Amino acid sequence: MIEVENLTKSFRDRRKGILHAVKGVTFASKPGEVFGLLGPNGAGKTTALRIISTALKPTEGRGTVMGFDCAREPEKVRQSIGFLAANTGLYGRLTPRETLRYFGSLFGMGHRQLDSRIEELAFAFAMTDFLDRPCDKLSTGMKQKVNIARSVIHSPEAMILDEPTTGLDVLTSRHIVEFVRKCRNDQKTVLLSTHIMSEVKRLCDRVGIIHQGQLRFVGTLTEFEAAHGSDLEEAFINIVGGPVP
Amino acid sequence: MTHGIRTVFLKELIDTLRDRKTLIFMLLVPTLLTPGLIFGIGSIAINILKQNALSPVVIAADERTQQLYRQMVFDEFLRSDVGKILKYTRSPLVAYFVGPGALNDMMKTVPPMALRDPVEFEKWTRAMTANAKETLVGDVQLGGAYDTISEFHANQSPANQDMMNRMGVALFDFYALTVRGLGLVDFVDPSRISTDAKYAVKDLPFALSQQADGAKIYGAIQSREIQGFMIINNDLSSLAERKDQTAEVIFYYDSTIALSNEANSRVHGVVDRASMGIVKERVQNQKLTPNFLTAVEMRKGTNLASRSQITMEALGGLLPYLFLTFAFLGAIYPAIDLGAGEKERNTLETLLLSPVTRTEIALGKFALIFSSSLVAALLGVLSMSLSFVYLVPKSVADQLEFHVDLMTGISVAMLAIPPAAAFAGLFLAVSIFARSFKEAQNYLSPMGLALILPAMAGMIPGLEMGWIEAAIPLVNVSMLSKEFLKGNIHWGYYAMTFGSCFAFAAVCLSYCIFQFRREEVLFRS
């Protein structure tokens, strides 16, 4: 379960003064559900996800993950989430096995537990062939698999995915899509941000539309279509094109 | 070390050990640079000097000047105590002195004719030069390093010392006068210079513009056809009798051309020796003793510093300079890689989202950079020590003397710890602030320049260690290392140096941890 309430993040800019990257955002994402945060570039999606994942502290409001407060119990929140972004890099000189071992160890996993978890993930994501090859030598698809495995090494209850398919080709994107569906089936809480309409349609149960740091709509896709028509793209442009209420 | 710090450290260790660039800076450069410097630059410099010292020079001079010059050398040779040279030369000690009996054999070949006629003398000198110049240049001219000087020194009786001093002077006189003054000088008549004169009188240096052949001579010196132009206007004979007169030798040369400069020093050496010989003769003619020329003399052997201290005063500053430089090199690349590199590879965010604290991440990374810096510094010191023991030519090594006991060695090596900590903290803070690898390099490279001055503090003559110097980070490391190597152990300064450097390192590390906690630094874009 991920809940955010009146989430606000302000930055001080030397020339422009105080900027609100996220302002008064409130939504909740439940286990077994994929919640999509949809918005154009610069809408505040990444900032919101970074606050929930504890990388940034909110200026106002609060977020909780599995009941832990993002600002006050960041270590517990981090134990509960897996974070993945399309541009997340890997340590080129480490092998996938070493990468998984490193992150598993950072998450406090013991040697034996890690070994069996790595075998399990290698089998699940078909990584056995390249588990001991340096990450630098892997294809984009292989790297993406390693990244997914890395994000779930500690079996998190919730997944946060920041534009997970941006810049990936169709085949590589499929790994992500399958992974998100599997998470939903496993009753995990999934929060993903995207600016791709078709991805929302394909994956999300509920959607929040964010623009200029503020949420413009929260609800199921059916509710969205009922309110704004069946052409998602047109509806989206109508929403983000209008003035902030 | 907490679990988080250890995990980050171990991962960075594996990552770094697989990185060729870091390994080159951390291991290869410090290990190979010192031997390279000592062996490469040292031998190149010695070779150039040797080559110049061995190269014949061509001097333009008219027939009369040539004759006068030859006569001057010959007169001085006869005047100088050849008997003394021959006497010492026959002793087995001297045979050792200049290598395998070179001078001994050489002197046996002096034909009686050569002691009567300047031209015959020159012929003999040239023949002898061809055989013996290598030995002479190597052993006498370049610092007087003899094969068995250490053995000789082992028995430092006053008689031995005195004999060595006189032997050294006698050999040097002989060498300067005959080999460098005649054997390595070829004369050419100015009319036979082949270089075309292309200089107008107004372009010529003033001194040569006064000469009839000035333009031609200047051109020939510039084109390296000749190395100088000599004019002797006065009669040099019987100068000892003409006690009120001073003869003049004019030598035109170009000090910016190495060999021309060498020619000048050869002629200068000959003229100075000849002049001194004539003056001595004048003094004797006046029925005065040689003491007439020396009213007050400084007594020799009054320097209280040990040879080890003298060596360390000269070289002791080099060691801290090198180990500070290597500590810098050992820290800079891993610091860039572990800080800005994480941002550039987009791996920082996932690391920050693990349950370890940012302080632990910073400390784990700091530990690796610190280790790398320390390893580089110690390898540098080790490599330098081994180079001195095994690579420095024996003849040079015999002149150096130092005793560093184990305790001092360890104390000095431990002085690498605080700078390594300071570099690691500071560089990581700067690196994590930078957006990219390149930006970090731009920030950190100038710090290398800023390091040069404190690192060289030990080499600045006259700068003495005191409490204030001991309180200045890095400067104190450089100066204290030298003092310890000289044998001046002062634990108060040592404690102060450690204290001030660790305080500096602690500030750097705190700043580094502070940077790791700042959102705007970690997510700068």
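Predicted model: local features only at pLDDT ≥ 70, side-chain atom pairs only at ≥ 80, totals over all residues.

**Entry 1: chain B.** I started with how chain B is put together. Among its contacts between residues at least 6 apart in sequence, 78% join residues at least 24 apart. For secondary structure I got 25 helices and four strands in chain B. I then checked burial: of the 525 residues in chain B, 48% are buried. The accessible surface of chain B came out at about 25,300 Å², and carbon and sulfur atoms hold 61% of that.

**Entry 2: where A meets B.** Next I looked up who takes part in the contact. Chain A puts in 27 residues and chain B puts in 26 residues. Between chain A and chain B, about 2,600 Å² is buried, with 57% of this area coming from carbon and sulfur atoms. On the chain A side, I wrote down A:Y91, A:R93 and A:L106 as the residues that lose the most area to chain B; together they make up 30% of what that side buries.

**Entry 3: empty space.** Rolling a probe the size of a water molecule over the atoms shows where empty space is left. How many cavities of 30 Å³ or more does a search of the whole structure find? I got one. The volume of the largest cavity is about 80 Å³.

I listed its lining next. From chain A, the lining has A:R78, A:I81, A:G82, A:F83, A:F103, A:F107, A:R150, A:S151 and A:H154, and from chain B it has B:T350 and B:L353. Two elements of chain A, β6 (81-85) and α5 (140-151), each supply at least two of the lining residues. Which gives the most to the lining? My note says β6(A), with three residues. Sorted by class, the lining of the largest cavity has five nonpolar, four polar and two charged residues.

**Entry 4: A:T189.** Last, I went to A:T189, which sits in strand β8 (residues 189-194) of chain A. Is A:T189 buried or exposed? Buried, because its relative accessibility is 0%, and the cut-off for buried is under 20%. I looked up what A:T189 touches, leaving out residues up to four places away in sequence: A:M1, A:I2, A:S29, A:K30, A:P31, A:G32, A:E33, A:M66, A:E157, A:A158 and A:M159.

Key. Residues numbered from 1 in each chain as written. Chains lettered and ligands numbered in written order. Heavy atoms only, no water. 1 Å grid on protein atoms, 1.4 Å probe; cavity = no way out; pocket = protein on both sides within 12 Å on 5 of 7 lines; lining within 4 Å. Points joined across faces, edges and corners; volume = space filled by probe spheres on them. Nonpolar A, V, L, I, M, F, W, Y, C, P; charged D, E, K, R; others polar. Buried < 20%, exposed > 50% of the residue type's maximum accessible area, 1.4 Å probe, protein only. Contact = heavy atoms within 4.5 Å. Areas by Shrake-Rupley, 256 points an atom, 1.4 Å probe, with all protein chains shown as cover. Buried area = accessible area lost by both parts, 1.4 Å probe.
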